[in-house]
Amino acid sequence: METIINDIKARFEVSDITKQRDNFTIVTCKKELAVALVTHLKDVEKFSHLVLLSAVDWIEDNKFQITYILNNPDSRIDIGVRTFIDRETATMDSAHHLWEHVATYQRELHEMYGINFPGSPRINESFILEGWDDIPPMLRNFNTKQYSEDTFFPRPGRGSNDPAEYMKKKLYPNE
Amino acid sequence: MSNIDNIENKFPNKDFERRTVIGPDGVKFEIDPIDDYFSDARPKVIAPKNKVIEKFLNWARAESLWVLGFGTGCGSIEIPPLMTPRFDAFRFGVQMRATPRQSSVIIISGYLAVKTLKRVIRSYEQMPSPKYVLALGSCTINGGMYWDSYNTINRLDHYIPVDVYVAGCMPRPEALLAGFEKLKKRIKAGNGEGANEYAEKFDWYKGNQKKIIKDWNMPDYNW
């Protein structure tokens, strides 16, 4: 693990190295070098399995974080590659040439976050949301409660209790 | 919708094209295969027959509930134990069927995404009437824990008529058996008129369905 980290630190300008566990480390790198780093890890360091490709919306920093988690089935270590892209343009290099299922992940990210991956197969086809016409639902400025109330006929009479207050009232009514 | 065009171009189906066929005796006739699959006719209300016959028919319907094998949410995992020896729903005349055209009951087992609702509506409309709907879990009643989700419906009874609700999250197979018993009582009392209700309030149901299914690329009614 250490040797791999030191090696990619020299080659790919990685920063912000977080050691989560003995067998799991997350590194951050520049957007332009992310796919190159993933390719290097896959082909040279034998991280042959992509565990997931996901995104986080950092609306305060006006950025999307994209994370690739790779696994080496022989030495049983994981490595996470993190990169930040601009939230307005929201374009990232496609990595579908490395694993076929990356195209599906990218299709999902395109639908849920509006991140574009030019050249990725079937990127514009709908994945889960058929005929969605609002802003992508995983963006943090999308008000899911408001959308649900406007769209799905909420049943009246639904309330909620603060559990602590409710149990206090129920168990100790005289206090 | 550019998506739909893409998909149609990708999987062109020659079998669905209009064509002229020459019969074995040399007679030419036109066929439109879509007509064999879909219908644009509205569903009709089927009035009950006279009291005695209807009572007998309802008894027969109630004692032989054929359930469509269609799982929508987490509740579909309750169906296998229901049919296997521990709970053994066959005792109550309940059995699973593979296709909508053979079944009389559809179980909506839990949360329903908009994408699944589209398939539910197609399956429901293909079932021969009289047909019954058993809604399982709190998600079908008021949205349950997905009440504020952008992609799951809140009230099932706005999209298809529901006969029996089984509350719980998730209800156990015993509760489901109790739900079947209640459905039987309802059918025997002559109240299982969901299919007629669907036909009567067809425009209201279609309006609600089309409000949330934005890419309506299927016929208005299919049997």
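Biologist: Which residues have the most contacts inside the largest nonpolar core, and how many residues does that core have?

Modeller: Bearing in mind that this is a predicted model, the largest nonpolar core has 43 residues, and those with the most contacts inside it are Val105(B), Ile106(B), Ile108(B), Leu112(B) and Leu134(B). Among the elements of chain B that each supply at least two residues of this core are β5 (105-109), α5 (114-126) and α7 (173-188), while β6(B) gives the most, with five residues.

Biologist: What does Ile108(B) touch, leaving aside residues up to four places away in sequence?

Modeller: With those set aside, Ile108(B) touches Thr72(B), Val120(B), Val133(B), Ala135(B), Leu136(B), Thr140(B) and Leu156(B). There is also a second, separate core of 25 residues, which includes Val14(A), Cys29(A), Met92(A) and Phe117(A).

Biologist: Why is Met83(B) called partly exposed?

Modeller: Met83(B) has 17 other C-beta atoms within 10 Å; a residue is buried at 20 or more and exposed at 12 or fewer, so Met83(B), with 17, is partly exposed. Met83(B) is placed in helix α4 of chain B, and, not counting residues up to four places away in sequence, it touches Ala89(B) and Met96(B).

Biologist: What makes β1 and β3 of chain A edge strands?

Modeller: The open sheet has five strands in the order β1-β2-β5-β4-β3 (chain A), with mixed pairing. β1 (15-21) and β3 (49-58) of chain A each have a single partner strand, so one side of each is left without a neighbour in the sheet. Neighbouring strands of this sheet are turned by 20° against each other on average, direction ignored.

Biologist: How do you know that β4 and β5 of chain A are paired?

Modeller: Two strands pair if there are at least two bridges between them, and 10 bridges join β4 (residues 63-72) to β5 (residues 77-86) of chain A, so these strands, which run antiparallel, count as a pair. One of the residues involved is Phe64(A), whose bridge partner in β5(A) is Ile85(A).

Biologist: What lies across β3 and β4 of chain A?

Modeller: Helix α3 (residues 102-113) of chain A lies across them, running at about 15° to β3(A).

Biologist: How many residues of chain B are in contact with chain A?

Modeller: 19 residues of chain B are in contact with 18 residues of chain A. The residues on that side of chain B divide into six nonpolar, eight polar and five charged.

Methods. Residues are numbered from 1 along each chain as its sequence is written. Chains are lettered from A and ligands numbered from 1 in the order in which they are written. This is a predicted model: local features need pLDDT of at least 70, side-chain atom pairs count only at pLDDT 80 or more; totals for chains, interfaces and linings use all residues. Two residues are in contact if their C-beta atoms, placed from the backbone, lie within 7 Å. Ala, Val, Leu, Ile, Met, Phe, Trp, Tyr, Cys and Pro count as nonpolar, Asp, Glu, Lys and Arg as charged, and the others, Gly among them, as polar. A nonpolar core is a set of buried Ala, Val, Leu, Ile, Met, Phe, Trp, Tyr and Cys residues joined through C-beta atoms within 7 Å. Helices (H or I, at least four residues) and strands (E, at least two) are DSSP runs, numbered from the N terminus. Axes are lines fitted to C-alpha atoms, for helices over the stretch in contact, and angles run from 0 to 180 degrees between N-to-C directions.
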